[in-house]
Amino acid sequence: MGRNPLIVAADTADPSEAEALAKRLTGLVAMVKVGLTLFVAAGPEAVERVREHAPVFLDLKLHDIPKQVEGAARSAAGLGISLLTVHALGGPEMIGAAVLGASEGAAAIGTEGPAIIAITVLSSLAGEGLASPASLAFEAVSAGAAGVVVSGEDVATVREAVGPAPTLVVPGIRPGGQPANDHVRILSPGEALERGADYIVVGRPVTGSADPAAAARAILREVGAS
């Protein structure tokens with residue numbers, strides 16, 4: 001396998017803890033995810049501290065009027081991040097605004113900028129009554145998103161809908177024998193990649209380990225990426 005598929009979620013409100021985790025995972029993971037809990041607690045400083053040690057996936061799930069999302073994406077891109085999430089339910093105009101804002105923000109600091117990744121259906125939700133993840137994914141990619149976040153059981157269907165090029169990020173990943181916690185729609189690392197995922201997001205099985213680096217290496221061995 002070529003590209004490292006592992007993203008580890010730094011789900012903490014403590015930027016020092018997140019930075020320490022990123023430092024321990026330097027060179028082992030594709031990215032470290034900074035989510036809402038950490039960003040609301042510590043803001044851009046948290047991103048900057050984590051980015052000293054690993055590329056950052058900024059998971060803010062932006063969902064607002066296009067102008068607001070454009071501005072937020074522009075500011076986020078200025079932090080030098082690699083991925084930024086928006087909600088696919090925000091619609092094509094909002095997604096396009098995020099892409100534009102991210103491009104402008106990246107240009108201001110001389111980087112290529114973050115890929116905009118659209119959230120389809122949260123992995124904490126069961127499937128009844130939800131919008132079609134494949135339709136949301138197709139619309140998001142058509143609007144300019146580089147890819148989508150998709151829950152485990154929908155990976156193969158979404159991959160078929162969007163084709164081989166878009167990036168698919170799959171959260172709620174649990175290595176064999178690990179508890180599901182608050183995720184409903186989960187897969188093992190190998191299952192997700194076999195069905196078409198490009199990146200897998202793992203949180204507590206790594207961050208809750210006494211040795212996060214060893215846990216990350218074990219996942220990479222499991223999927224043949226080490």
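**Figure 1. Overview of the predicted protein chain.** The protein chain folds into ten helices and eight strands; these are DSSP runs numbered from the N terminus, with helices being H or I of at least four residues and strands E of at least two. This is a predicted model, in which local features need pLDDT of at least 70 and side-chain atom pairs count only at pLDDT 80 or more, while totals for chains, interfaces and linings use all residues. Residues are numbered from 1 along each chain as its sequence is written, and side-chain values use heavy atoms, with hydrogens and water left out. Of the 226 residues, 51% count as buried (under 20% relative accessible area, with exposed over 50% and partly exposed in between; 1.4 Å probe, protein chains only). The accessible surface is about 9700 Å², and carbon and sulfur atoms hold 51% of that area (Shrake-Rupley method with a 1.4 Å probe; for residues, only the protein chains shown count as cover). Taking contacts (heavy atoms within 4.5 Å) between residues at least 6 apart in sequence, 69% join residues at least 24 apart.

Figure 2. How many of the five residues of strand 4 are buried? Five of the five in this strand, residues 83-87, are buried, so strand 4 is largely enclosed by the rest of the structure. Leu83, Thr85 and His87 cover one side, Leu84 and Val86 the other, and all of them are buried.

**Figure 3. The parallel partners of strand 4.** Strand 3 (residues 56-62) runs parallel to strand 4 and is joined to it by three bridges; two strands pair if DSSP finds at least two bridges between them. Here Leu62 has Val86 of strand 4 as its bridge partner. Strand 5 (residues 115-119) is also parallel to strand 4, with five bridges between them, and Thr85 has Ile117 of strand 5 as its bridge partner.

Figure 4. In soluble globular proteins, nonpolar side chains tend to be buried together. The largest nonpolar core has 61 residues, of which Leu6, Leu25, Val29, Leu58, Ile81, Leu84 and Val86 touch the most other members. Such a core is a set of buried Ala, Val, Leu, Ile, Met, Phe, Trp, Tyr and Cys residues joined through side-chain atoms within 4.5 Å. Helix 10 (residues 212-222) gives the most to this core, namely five residues. Zooming in on Leu25, its contacts beyond four places in sequence are Val8, Val206, Pro212, Ala213 and Ala216. A second, separate core has twelve residues, among them Ala9, Phe57, Tyr199 and Val201.

**Figure 5. Asp59 in strand 3.** Asp59 sits in strand 3 and is buried, its relative accessible area being 6%. Its side chain makes a polar contact of 2.7 Å with the side chain of Thr85. A polar contact is a pair of N or O atoms within 3.5 Å; within protein, one must be able to donate a hydrogen and the other to accept it, and residues adjacent in sequence count only if both atoms are side-chain atoms. Beyond its neighbours within four places in sequence, Asp59 is in contact with residues including Lys33, Gly35 and Ile119.

**Figure 6. Thr12 in a loop.** Thr12 belongs to the loop between strand 1 (6-9) and helix 1 (15-24). Is Thr12 buried or exposed? Thr12 is buried, with a relative accessible area of 10%. The side chains of Thr12 and Glu17 make a polar contact at 3.5 Å.
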